[in-house]
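User: Got a structure here that I'd like to walk through. Can you take me through it piece by piece?

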Amino acid sequence: ARFPSTTLLERTAGKLRHLVDLSSIDVIHAHGMYLVPAGALAHHLFVTCGIPYAITAHGGDINGAMGYPPERHAEVLDGAGAVAYVSNALRERAHELGAKGNNATVIPNGVDCELFTPPESISVAASTHLDSRVAFVGNLVPVKGADRLPYTFRGIAIRRPNTPFVIAGDGPLRSEIEYAMEGLRVEFLGRVPQAQVAQVLRGVARAVLPSRTAGWPRAVL
């Protein structure tokens, strides 16, 4: 995804004005520079309306989108009142691509440690049928490597026939993945609430992370 054109930003800002009274907004917190270029839109509103903004950069927005072109993205990052990166590596990458970083801080992603806990007894869990399952948790999009799941799961199934798989998440690649996984024991849960994600992870032997880029993956945490 290339940096959005001025026409697109103006059109999007116009639609936003119909939805929100911008005069009542003190600050905009924009998440990333993905296909929905939140940071670029926030910068546009700062220039046109004077509303200050902050950005949280998550991973793919810097490692992927920022390269097209880097100078425009750097302008957006440097114009923010503050930019929070989820890892030092992500902040350093943004700096390599031209962001000055004077407004940068690092705030890693976090999880609820009381909710996301391993089974009390690993040995007991290992003896259960549920523990043979392999799970993927995340959006079914290319940056998360979801298109790699059929190949990965089939490779596991060759070595361990009848392995049950679980996919917690949804997205534009779902129908393609479902078709490519015909014949495998795969349970598609769709989008699930956070508490259910914890239950899924507690009930599996392994979780896979095929992401092409990740700033500080919460699935691993």
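User: Start with Arg 212. How does it count in terms of accessibility?

Analyst: Arg 212 counts as partly exposed, at 43% relative accessibility. Buried means under 20% relative accessible area, exposed means over 50%, and partly exposed is in between, with a 1.4 Å probe and protein chains only. Before going on: this is a predicted model, where local features need pLDDT of at least 70, side-chain atom pairs count only at pLDDT 80 or more, and totals for chains, interfaces and linings use all residues. Residues are numbered from 1 along each chain as its sequence is written, and side-chain values use heavy atoms, with hydrogens and water left out.

User: What does Arg 212 form a salt bridge with?

Analyst: Asp 147. The closest N and O atoms are 2.8 Å apart. A salt bridge here is a side-chain nitrogen of Lys or Arg within 4 Å of a carboxyl oxygen of Asp or Glu.

User: How many salt bridges does the structure hold?

Analyst: Seven. One of them joins Lys 100 to Asp 78, with the closest N and O atoms 3.9 Å apart.

User: Why does that pair tie separate parts together?

Analyst: Lys 100 lies in the loop between α5 (88–96) and β4 (104–106), while Asp 78 lies in helix α4 (residues 70–79), so the pair ties together parts that are 22 residues apart in sequence. Lys 100 is exposed, at 58% relative accessible area. Asp 78 is partly exposed, at 29%.

User: And Glu 96, what is its partner?

Analyst: Arg 93, with the closest N and O atoms 3.1 Å apart. Both lie in helix α5, three residues apart, about one turn of the helix. Glu 96 is exposed, at 58% relative accessible area. Arg 93 is partly exposed, at 33%.

User: Which residues are linked in a network of salt bridges?

Analyst: Asp 170, Arg 174 and Glu 178.

User: Switching to strands. In what order do the four strands of the open sheet run, and is the pairing parallel or antiparallel?

Analyst: The order is β7-β6-β5-β8, and the pairing is parallel. Two strands pair if DSSP finds at least two bridges between them. The edge strands, each pairing on one side only, are β7 (185–190) and β8 (206–208).

User: How many bridges join β6 and β7?

Analyst: Five, in the parallel sense, with β6 covering residues 164–168. Phe 165 stands opposite Val 186 in β7.

User: Which strands does helix α9 touch?

Analyst: Helix α9 (residues 194–202) packs on the sheet and touches β5, β6, β7 and β8. Contact means heavy atoms within 4.5 Å. The direction of α9 makes about 150° with that of β5. Axes are lines fitted to C-alpha atoms, for helices over the stretch in contact, and angles run from 0 to 180 degrees between N-to-C directions.

User: And α7, which strands does it lie across?

Analyst: Helix α7 (residues 149–159) lies across β5 (134–137), β6 and β8, running at about 160° to β6.

User: Last one. What is phi of Asn 162 near?

Analyst: Near 70°, a positive value in a residue other than glycine. Most residues other than glycine have a negative phi. Asn 162 lies in the loop between α7 and β6, and is exposed, at 58% relative accessible area.

Technical notes:
Helices (H or I, at least four residues) and strands (E, at least two) are DSSP runs, numbered from the N terminus.
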